[in-house]
Amino acid sequence: MHATTDACPKLHTRLRLWEFADRYVFEPVDGLADLFLSVDRTNGSTNLVEELPPRGPSTNPKVRIVFGVIGVLKLAVGSYFLVITDRDCVGSYLGHAIFRLTGLKVLPCNNSINTSAAEQRLHDLGDEFKSLPLWRQAEQRFLWNSYLLEPLIEKKNIHTEVGSEKVNVTLIARRCTRRIGTRMWRRGADPEGYAANFVESEQIMQSKEFTASYVQVRGSMPFLWEQIVDLTYKPSFDVVRVDEAPRVLERHFHDLQKKYGAVVAVDLVNTHGGEGRLYERYAKSIEPILSEDIRFVHFDFHHICGHIHFERLSQLYDQIEDYLKKHRYFLLNSKGERMEEQTGTVRTNCVDCLDRTNVTQNMIGRKLLESQLRQIGVLGDNNEISDYPEFDANYKVLWANHGDAISTQYSGTPALKGDFVRYGKRTTQGILNDLWNALARYYLNNFADGTKQDAMDLLQGHHVSSVSRDMPTQSKGLLENYASFRLALVLLLAAVIFMVISLRRGTISVC
């Protein structure tokens, strides 16, 4: 809900929810609105009312504070309003608090209802656009519940000093809604070119009244491929409809060009085995569209960096340095005038677009931040972020948390290799954490993510519910469930033994 004043629309931060016998009423607590939102409990219809219904001894509504309405979920058995009941403040940006949702409440309505079902860069948008309600200003690719109505955004920031100058760095991850899903259950791209686990990461720097920004993206290899869960630790990769790969990939990169300009695609997968087959398909499919504005760089992360020598990513930077310098970054001076403009982006992928990808994006973000700080005079020509230990440590934590947040959504665990991002080196504890998280991913992929995938599809409107109450349901027998559990347990124990042997030999293999 929002209130409109002569100046600009205002988003209500608190609502009083009245639960009457026949309706729900949302009353803004800040008192800035003359109208209340009323929801009919029998059919889910909504309308604006000027006052609350009469209250007396016979009407004793429940009252509680909520922090927003997520939206409406329509099922065959009725409609449900989702409201925010709890939240945590996780940071701030330009004086505005950033919240994470920690509690939801479902308000049932008995019958289903019928509801009717561009590119943006805020600096270039006019006052007319900015006067729209906030939810209309959001870019639809990242409006997670455009179907339900509220964006899903992870946002973290740090405030620190470089020498005598204060520097504020904010990192925003915007996860695309077009091909949502969990690791192994959503791979590759769909026929329209939308890639799984596509995330736009924007790094914003503010210092000395300057504001700078750099945007880079990650996403699954943009052609049709899949990895069917079958209880093996690493199910085989299958490229689907091979002849359509060039068309799907072209659509994907055409969309990226419209939004970001030039694109350099950095592929981090292995050149052998199943990953090698994916690399070959990617390289062959992108070849017809390679140009001055679309580049393809393959960097075999595991072969070159192993599992401890991530400093060798400098070799990758050497290959794309000219591109980064040519396409620059966004920079405003103290008067709000544009000094620099970003005219291209880096698209990074590994298989999951999580672990190797986050280490690589961290390196790119660091290099661009150093360039920005040098241009505004915070860093000298020969200085680096690592010359300022406090800032360096905070910056590493910022990107480590960023990677963990994206990984937890897609795989159910924090990112692997996160100790390098967090501390600048591989540690014994980090390797052990990777082993544990790899086992946890195996369990989640096989026994939990299928249900999670169904829930995500339902909330995004990608699954239409048509459940018949007379439809019989089938469940696994006790013997079948027991057999599956025994097989999973044996595989887990075998994985543990293999990893212990690897630790003793001093060589670890983690994806």
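Which hand does the crossing of α6 and α7 have, right or left? In this predicted model, the crossing of the two helices turns out to be right-handed. Two packed helices are described by the angle between their axes and the distance between the axes. For helix α6 (residues 314–327) and helix α7 (residues 355–375), the angle comes to about 45° and the axes lie 12 Å apart. That angle makes α6 oblique to α7.

As for who touches whom, α6 brings Leu316, Tyr317, Ile320 and Leu324 to the contact. On the α7 side, Thr360, Met363, Ile364, Lys367 and Leu368 meet them. Sorted by class, the contact of α6 with α7 has 7 nonpolar residues, with 1 polar and 1 charged residue making up the rest.

Cys353, in the loop between β21 (344–349) and α7, has a positive phi of about 60° although it is not a glycine. Cys353 is also buried, with a relative accessible area of 0%. With a relative accessible area of 3%, Asn197 counts as buried because the cut-off is under 20%.

Now to the strands. Strands of a sheet pair through backbone hydrogen bonds, either parallel or antiparallel. Strand β9 (residues 78–93) and strand β10 (residues 96–109) run antiparallel, joined by 13 bridges. Phe81, for one, has Leu107 in β10 as its bridge partner. The hairpin made by β9 and β10 has 2 residues between the strands, and Leu94 in this hairpin takes a positive phi near 55°.

Elsewhere, 5 strands make up an open sheet, in the order β6-β5-β4-β3-β7, with antiparallel pairing. Its edges are β6 (46–49) and β7 (62–66), each of which pairs on one side only. On average, and with direction ignored, neighbouring strands of this sheet are turned by 25° against each other. At the β6 end, strand β5 (residues 36–40) pairs with β6 in the antiparallel sense over 4 bridges. There, Phe36 finds its bridge partner in Val49 of β6.

Methods: Residues are numbered from 1 along each chain as its sequence is written. This is a predicted model: local features need pLDDT of at least 70, side-chain atom pairs count only at pLDDT 80 or more; totals for chains, interfaces and linings use all residues. Side-chain values use heavy atoms; hydrogens and water are left out. Axes are lines fitted to C-alpha atoms, for helices over the stretch in contact, and angles run from 0 to 180 degrees between N-to-C directions. Angles under 35 degrees count as roughly parallel, over 145 as roughly antiparallel, 65 to 115 as roughly perpendicular and the rest as oblique. A crossing is left-handed if the near helix is turned anticlockwise from the far one by less than a right angle, and right-handed if clockwise. Contact means heavy atoms within 4.5 Å. Ala, Val, Leu, Ile, Met, Phe, Trp, Tyr, Cys and Pro count as nonpolar, Asp, Glu, Lys and Arg as charged, and the others, Gly among them, as polar. Buried means under 20% relative accessible area, exposed over 50%, partly exposed in between (1.4 Å probe, protein chains only). Two strands pair if DSSP finds at least two bridges between them.
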